[in-house]
Amino acid sequence: MSRVPSPPPQRERIATARPSSFHGVVDAATKPPTGALRRRRSVLKRLPTTREGVWFLGATLVVGAAAVNAGLNLLFLVFGMMLFLILASGVMSELCLRRLKVSRRLPTGIHAGAPFLMGISVRNEKAHAPTFSLEVEDLMDERPVERRCYFLKIPAGREQETAYRNLLGRRGRHKLVGFRLSTRFPFGLIRKSKEINAPAEVIVYPALVPVPPLVALAGATQAQDRQSARPARSGEFHGLREFRVGDDPRQIHWRSSARRGRLLLREHEDEVGGAVLVRLEASLTKLKDEAEAFEAAVSMAASVALSFLRQGYTVGLQAGRVSVPARAASTQAQGLLTALALVTLEDVRALSPERPKAAMLTTVRMAPGSPIVEVQRLRGAAA
């Protein structure tokens, strides 16, 4: 009669089972969460309870425990009413966030360090149900801004608009990702929120600083020279005169000539006489606070360019490989400020193309403390 082998001792079974259970715990902690776990975390993230909600939930649990312990129907009735309030809060807040169309109105001319207003409009596309107590947060660079827009009530099929005040301290391109809509309606127990994708871009211009008195004096001196500028074939319109032998027939103003019965010629002011070139240069030596000095030079270049534009000049820009030709257009200020908003120190240090003709050259150079501004009259010669 053969003997049946006895099972291994219990101590050995426990010892062999420990490594497998231990590794199982480590794998569950290190592996990425499953779809159900991710959905549960997202729901918890979108449904944060408020302080009032925490107190109300605690009171609900206390009433429920008392009802079970005492067995009183009145306590069960109160417990059911409190649970219904929590359920109704989640359903009504979800209804408020449905079918909302949010758009923004981008401001024009945002300068670094200057406050501006960003317009936000919300349209309720539901047929009958209004939206109450809605908060809208603008997501900039994947983070919500500090200011929020609040809408007390948006009736069904209606649109409302408001604005929030913001300030950006850095020039350049800022990306707007979308919106975050949230509400605490109706009882303030749960703050339900959802995010809407609405990408957009905002270009922040350099900060404006006071220009040196040398720039204003040079502009006034140049204005006196422009009054006596000689006529040219192109440029700003100067006036009409009688046609003389040797003039270009293409400059004849035929409508005025037919009205007056004699040939009249168009005259234009010299474009070079009213052109100013603003040049941004890097420092030849290594500066301690190079980034700060460069930002100060960019702000000075933008302020100088706008100062000449307000005086009626055509202004061009040259910052290394970045170049903006001088034009007498209403959008010239936007082109100059956009180029200075996106320029980098590497662009300025690159080789500059051929300098266009101008009557005045204004050089802004990086320097510790404050930039150096130099004004040079060229009299239309290309440097």
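## Strand E3 and its partners

In this predicted model, strand E3 and strand E5, the latter covering residues 149–154, pair in the antiparallel sense over 5 bridges. Within that pairing, valine 136 has cysteine 149 of E5 as its bridge partner. Strand E7, made up of residues 172–183, also pairs with E3 in the antiparallel sense, here over 7 bridges, and in E7 the bridge partner of valine 136 is leucine 181. Strand E3 itself, residues 131–140, is mostly covered, with 9 of its 10 residues buried.

E3 is also joined by 2 bridges to strand E4, residues 143–144, and these two strands run antiparallel; leucine 139 has proline 144 of E4 as its bridge partner. E3 and E4 form a hairpin with 2 residues between them, and aspartate 141 in the turn has a positive phi of about 55°.

E1 pairs with strand E2, residues 116–124, in the antiparallel sense over 6 bridges, and serine 103 has serine 121 in E2 as its bridge partner.

## Confidence in the model

The protein has a mean pLDDT of 79, and 75% of its residues reach 70 or more. Over residues 39–46, however, the pLDDT is below 50, and this stretch has 6 contacts in the model beyond near neighbours in sequence. Residues 226–230 also have a pLDDT below 50, with 9 contacts beyond near neighbours in sequence. Where pLDDT is low, the predicted coordinates should not be read in detail.

Notes: Residues numbered from 1 in each chain as written. Predicted model: local features only at pLDDT ≥ 70, side-chain atom pairs only at ≥ 80, totals over all residues. Heavy atoms only, no water. Pairing = 2+ DSSP bridges. Helix = DSSP H or I, 4+ residues; strand = E, 2+ residues; numbered from the N terminus. pLDDT = per-residue confidence, 0-100. Contact = heavy atoms within 4.5 Å. Buried < 20%, exposed > 50% of the residue type's maximum accessible area, 1.4 Å probe, protein only.
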